[in-house]
Amino acid sequence: MAGEGVREPDSVSVGNLSTTISQTAIPPASTVIPAGTHLMSSYQVGAPFADFAGRCFFRGCLWADLLESWIRKKQAQADAKIESAASWRYLHVMGWLRSSLGAVSCTAVAGCLIPVFAGNAYRAIVPLFFLSVILYVALRFGHVAGIIGTVCAALVFEIFLFEPTLSLAIENPSARNHLISMVILGICASEILGRRKVPVVYKPW
């Protein structure tokens with residue numbers, strides 16, 4: 001019992017010592033407000049473009065944007081008109097070139113037939129067979145090429161194929177009738193068949 005009485009004061013002193021250390025080791029929490037918070041709370045952020053100058057600047061920006069969009073629209077319309085005019089001129093020139101090429105081809109074929117059928121007994125029916133060439137030219141190059149090619153081929157046959165040569169007169173009535181029939185049928189067929197829309201780009205058959 002005497003030993004137990006000696007140990008009790010030691011345990012009490014140890015408990016007091018631990019309590020004192022814990023109180024001195026952990027400082028009490030302090031509620032300190034940073035100085036920056038006071039500075040930030042003193043300033044107030046307002047809405048942008050709230051004053052008169054800001055509203056004027058905002059409206060000026062809007063008007064400038066509308067003016068720029070209007071200028072862009074007008075420029076796009078002008079560019080479209082220029083492009084359409086250029087494309088129309090290109091198509092017009094290409095159409096005349098196609099017609100000229102078709103007429104020249106038809107006249108060249110008629111000229112190539114002159115040495116073949118000159119002095120032949122069947123030369124009177126050559127204009128009727130030549131209608132197939134006129135139909136092809138009208139379908140391939142258009143009605144203008146067919147009409148011009150028909151007239152040029154008729155002149156070639158009349159001057160160089162039928163007697164008397166190098167003259168517009170034709171002695172053979174059958175040849176004269178066949179030539180007149182070729183001109184009439186060639187012009188009519190060119191007007192009917194050559195009115196279809198042909199592609200601008202040349203594509204050989």
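**Close-up views of helices α5, α6 and α7**

**View A. Packing of α6 against α7.** In this predicted model, the axes of α6 (residues 143-161) and helix α7 (residues 173-193) come within 8 Å and cross at roughly 170°, the axes being lines fitted to C-alpha atoms over the stretch in contact, with angles from 0 to 180 degrees between N-to-C directions. Because angles over 145 degrees count as roughly antiparallel, α6 is roughly antiparallel to α7.

**View B. Packing of α5 against α6.** Helix α5 (residues 131-141) packs on α6 at an angle of about 150°, with the axes 6 Å apart, and the two are therefore roughly antiparallel to each other. Ile134, Val137, Ala138 and Phe141 in α5 meet His143, Ala145, Gly146 and Thr150 in α6; by class, five residues of this contact are nonpolar, three are polar and none is charged.

View C. His178, which lies in helix α7, has 18% relative accessibility and so counts as buried (under 20% relative accessible area, with a 1.4 Å probe and protein chains only). Neighbours within four places in sequence aside, His178 is in contact with Ala124, Ile125, Pro127 and Leu128. The C-alpha atoms of His178 and Val126 are separated by 8.3 Å, although these residues are 52 residues apart along the chain.

**Notes.** Residues are numbered from 1 along each chain as its sequence is written, and side-chain values use heavy atoms, leaving out hydrogens and water. Local features need pLDDT of at least 70 and side-chain atom pairs count only at pLDDT 80 or more, whereas totals for chains, interfaces and linings use all residues.

Key
Helices (H or I, at least four residues) and strands (E, at least two) are DSSP runs, numbered from the N terminus. Angles under 35 degrees count as roughly parallel, over 145 as roughly antiparallel, 65 to 115 as roughly perpendicular and the rest as oblique. Contact means heavy atoms within 4.5 Å. Ala, Val, Leu, Ile, Met, Phe, Trp, Tyr, Cys and Pro count as nonpolar, Asp, Glu, Lys and Arg as charged, and the others, Gly among them, as polar. Buried means under 20% relative accessible area, exposed over 50%, partly exposed in between (1.4 Å probe, protein chains only).
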